[in-house]
Amino acid sequence: MVGLVTITVLVPNETGVAALAGIDGVEAVRYEAGKPLPPGGEKARVLVPGFLSNDDFSKMLEELPDLDYVQLLTAGAERWIGTLPANIKLSICRGAHGGSTAEWVIGALLYIYREFGVFADAQREGYWAHEWKKGEGTDTLQGKRVLIV
C-alpha cells in the first residue's frame, strides 16, 4: 500500500486550522503575516491569505519553494493578478459569500425602511423616539418584493 501524501496548507487563523482539521492528507499550519514562517510552513503547497488581507506576501512567497496554489477568501483578486510566479495558480472564492451577502442586504433594507438609525441615535441621546416622524411611523418591507442578485 502506498502511503498518503500530506499537503501543507498555510492558513491565517484558527478558523482555517479548524476547517481543515481531520481531513486526511492535509496539514494546516497557521502563519502570521509579516512574521517568520512557523515550523513546517516552508513545505506549504497552498497559501490562504487572510480575508481582505492587504499584507505583502512577496517575502513569504520567496520562502515557499513548493507553493502551487493561492486560495483567496474573496472574489476580488485584483491585487494578486500579475504578482505571482507563472507556476502558482490563483483561485478566488466567487459565490462562497452569497448567503451572508444576501442576509446583509436584507438587514440593510430593514435598517433603511424601519429607520433604525433614528432609533439608535435617540437611544444614545437617552430618549424614546416613538413619534419622531409626526405620527407617520416607519416604512416596512411588508407587501414589497425584494430581489437579490
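**Pockets and aromatic pairs**

Ala33, Gly34, Lys35, Pro36, Leu37, Asp56, Phe57, Lys59, Met60 and Glu63 line the second largest pocket. Here a pocket is an open set of points on a 1 Å grid over the protein atoms alone, with protein on both sides within 12 Å along at least five of seven lines, and a lining residue has an atom within 4 Å of a point. This is a predicted model, where local features need pLDDT of at least 70 and side-chain atom pairs count only at pLDDT 80 or more, while totals for chains, interfaces and linings use all residues. Residues are numbered from 1 along each chain as its sequence is written, and side-chain values use heavy atoms, with hydrogens and water left out.

The second largest pocket holds about 160 Å³ of space, a volume being the space filled by probe spheres set on the grid points, which are joined across faces, edges and corners. Its lining splits into five nonpolar, one polar and four charged residues. In this count Ala, Val, Leu, Ile, Met, Phe, Trp, Tyr, Cys and Pro are nonpolar, Asp, Glu, Lys and Arg are charged, and the others, Gly among them, are polar.

For the largest pocket, the volume comes to about 200 Å³. Among the residues that line it are Val9, Val11, Pro12, Asn13 and Gln71. Two elements, β1 (7-11) and α1 (14-20), each give two or more residues to this lining; helices (H or I, at least four residues) and strands (E, at least two) are DSSP runs, numbered from the N terminus. The top contributor is α1, with four residues.

Now to the rings: the structure holds three aromatic pairs. Rings of Phe, Tyr and Trp (its six-membered ring) pair if their centres lie within 6.5 Å, and planes under 30 degrees apart count as stacked, over 60 as edge-to-face and the rest as tilted. Tyr31 and Phe57 have ring centres 6.2 Å apart and planes at 75°, so they make an edge-to-face pair. Because Tyr31 sits in the loop between β2 (26-30) and β3 (44-47) and Phe57 in the loop between β3 and α2 (58-62), the pair ties together parts that are 26 residues apart in sequence. Both Tyr31 and Phe57 are buried (under 20% relative accessible area, with exposed over 50% and partly exposed in between, using a 1.4 Å probe and protein chains only). Together with Trp80, Tyr31 and Phe57 form one aromatic cluster.

Tyr111 and Phe116 are also edge-to-face, because their ring centres are 6.3 Å apart and their planes at 80°. Tyr111 is partly exposed, at 45% relative accessible area, and Phe116 is partly exposed too, at 40%.

Key:
On a 1 Å grid over the protein atoms alone, a cavity is a set of points where a 1.4 Å probe fits but cannot get out, and a pocket is an open set with protein on both sides within 12 Å along at least five of seven lines; lining residues have an atom within 4 Å of a point.
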